[in-house]
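Here's a quick tour for anyone opening this one up for the first time. Have a look at the sequence and the fold, then read on for the main points.

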Amino acid sequence: MAMLKILNVVGARPNFMKMAPIIAAINRRPNEVSQTLVHTGQHYDEAMSTVFFGDLSMPEPDITLETKSGTPSRQMARIMPLFEEVLIAQQPDWVVVVGDVNSTIACALVASKLNVRVAHVEAGLRSFDRTMPEEINRLLTDQIADLLLTPSADADANLLREGVPAERIVRVGNVMIDTLFQQLKRARNSAILDELELRQREFAVLTLHRPANVDDPESLSRILFAIGAIARKLPVIFPAHPRTEARMREFGLVAPVGVRVIAPLGYLDFLQLWSNARLALTDSGGLQEETTALGVPCLTLRENTERPVTIEQGTNRLVGSNPSRIVRAAREILSGRVSFVGRTPELWDGHAADRIVETLIARSNRTLSQQQRRHRVTEPRRRSAYRVAVSGKE
Ligand code: UD1
């Protein structure tokens, strides 16, 4: 049988922990599958990108695109023609995209235009809030992907409701939890608690970066006000995302007393930090799932979540951005009045990546012949015209 050629895409921080176990699972099948890793360059800082490759024992990307930050449209407009060139040169059998960031939809779209099959890992999640950039990315990626690899039953139901044929959906579980279980032992060697002079369960952790929370001065100051009230009871450690740090500076907001703003952390330090916290406060998607997997109480500073299973079965609770609601919920946890005992959802068992690779192999055997695949990726006819238009000479 010919080798299956998979091209994996990462772009932004939350992609790395989803892709790492897939790369490792492919490496366990060296006679069947070969792989290429493309980094779109959406995140490029040491703290937002580079550190994760070492922490997660990931290989360096084979190809890195020169993208950097910008408005979402500019970011995607830079990624797409560069990624198109990569696909034409590489001719993979599958493009694997993960999550819901701008790189996910940009690369899925390019691949589908070139008739390269796309597998979307973490498909089917929906917040039902179309003001969230990620929700648009999720909806569109799922519409064009050939294979939808879902983490939970709610995701399957969302896709079926949207008219996705059942044969395109495969529930594989939560690949990020593979990484969590794999790295937990290594994270215990992190010195972060000593460095910050913290004792287990005697502090809270805060992360905040959603545009809806941090781009508006009023909502950001309301959230910080609530966090300040919590920080009077126990210290709050706040590894600040570059976007949030920039907005605080721009709006002239300072962290309240008791809140320690630190630089973004790598995977292992951050895992050691939050898993020892009394409480996590976050607007991140991933942390809602990770806290559920380890049973750490989590208050989500959003009005909705695309991960309802973390509330129904796990330790997550939605508290929005209303200060009194946030503070009340935190006090209930700290007083021990509310117990946050959850359970780990089905298939969040550390083996999602093996199921993904198994599915990719199975689906490949039953579709195109090797000969057909070789001729599938063709250069779009209007490519040279496109280049002229971009350079402004037309
Ligand atoms: C992106 C994802 C979001 C994810 C988050 C995690 C989209 C739509 N959003 O949001 O889902 O939860 O990543 O971090 O793709 N910046 C740096 N260095 C970097 C990267 C970003 O300084 O390495 C700064 C830049 O000022 C940039 C800003 O952060 O403009 C925002 O970055 P961007 O990639 O646009 O979106 P995120 O807010 O990080």
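A crossover counts as right-handed if, with the strands pointing away from the viewer, the path from the first strand over the helix to the second runs clockwise. Helices (H or I, at least four residues) and strands (E, at least two) are DSSP runs, numbered from the N terminus. With that in hand, β4, helix α4 (residues 102-113) and β5 make a right-handed β-α-β unit.

Bear in mind that this is a predicted model, where local features need pLDDT of at least 70, side-chain atom pairs count only at pLDDT 80 or more, and totals for chains, interfaces and linings use all residues. Residues are numbered from 1 along each chain as its sequence is written, and side-chain values use heavy atoms, with hydrogens and water left out.

**The seven-strand sheet**

- An open sheet of 7 strands runs in the order β3-β2-β1-β4-β5-β6-β7, with parallel pairing; two strands pair if DSSP finds at least two bridges between them.
- At its edges stand β3 (63-64) and β7 (169-171), each with a single partner strand, so one side of each has no neighbour in the sheet.
- Helix α3 (residues 72-90) packs on this sheet, touching β1 (4-10), β2 (33-39), β3 and β4, where contact means heavy atoms within 4.5 Å.
- The direction of α3 makes about 165° with that of β1; axes are lines fitted to C-alpha atoms, for helices over the stretch in contact, and angles run from 0 to 180 degrees between N-to-C directions.
- Helix α16 (residues 352-365) also packs on the sheet, touching β1, β2, β4, β5, β6 and β7, and its direction makes about 160° with that of β6.

**A closer look at β5**

- On one side, strand β4 (residues 94-98) runs parallel to β5, joined by 5 bridges, and V95 has V118 as its bridge partner.
- Strand β6 (residues 147-150) pairs with β5 over 3 bridges, again in the parallel sense, and V121 is partnered by L149.
- From β5 the chain crosses through helix α5 (residues 133-144) to β6, and this β-α-β crossover is right-handed.

**The six-strand sheet**

- An open sheet of 6 strands has the order β10-β9-β8-β11-β12-β13, with parallel pairing.
- Its edge strands are β10 (259-262) and β13 (316-318), each pairing on one side only.
- The twist from one strand to the next averages 20°.
- Strand β9 (residues 236-239) and β10 run parallel, joined by 4 bridges, with I237 standing opposite R260.
- Helix α13 (residues 286-294) packs on this sheet, touching β8 (204-207), β11 (279-282), β12 (298-300) and β13, and its direction makes about 165° with that of β11.

**Two helices meeting**

- Helix α7 (residues 175-187) and helix α12 (residues 267-275) pack at about 85°, with their axes 9 Å apart.
- α7 and α12 are therefore roughly perpendicular (65 to 115 degrees; under 35 is roughly parallel, over 145 roughly antiparallel, the rest oblique).
- Among the residues meeting there are T179, L180 and Q183 from α7, and Y267, L268 and W274 from α12.

**Cysteines**

- How many disulfides are there? The count comes to 0, taking a disulfide as a pair of cysteine sulfur atoms within 2.5 Å.
- C107 is buried, with a relative accessible area of 0%, and C298 is buried with a relative accessible area of 0%.

Conventions. Buried < 20%, exposed > 50% of the residue type's maximum accessible area, 1.4 Å probe, protein only.
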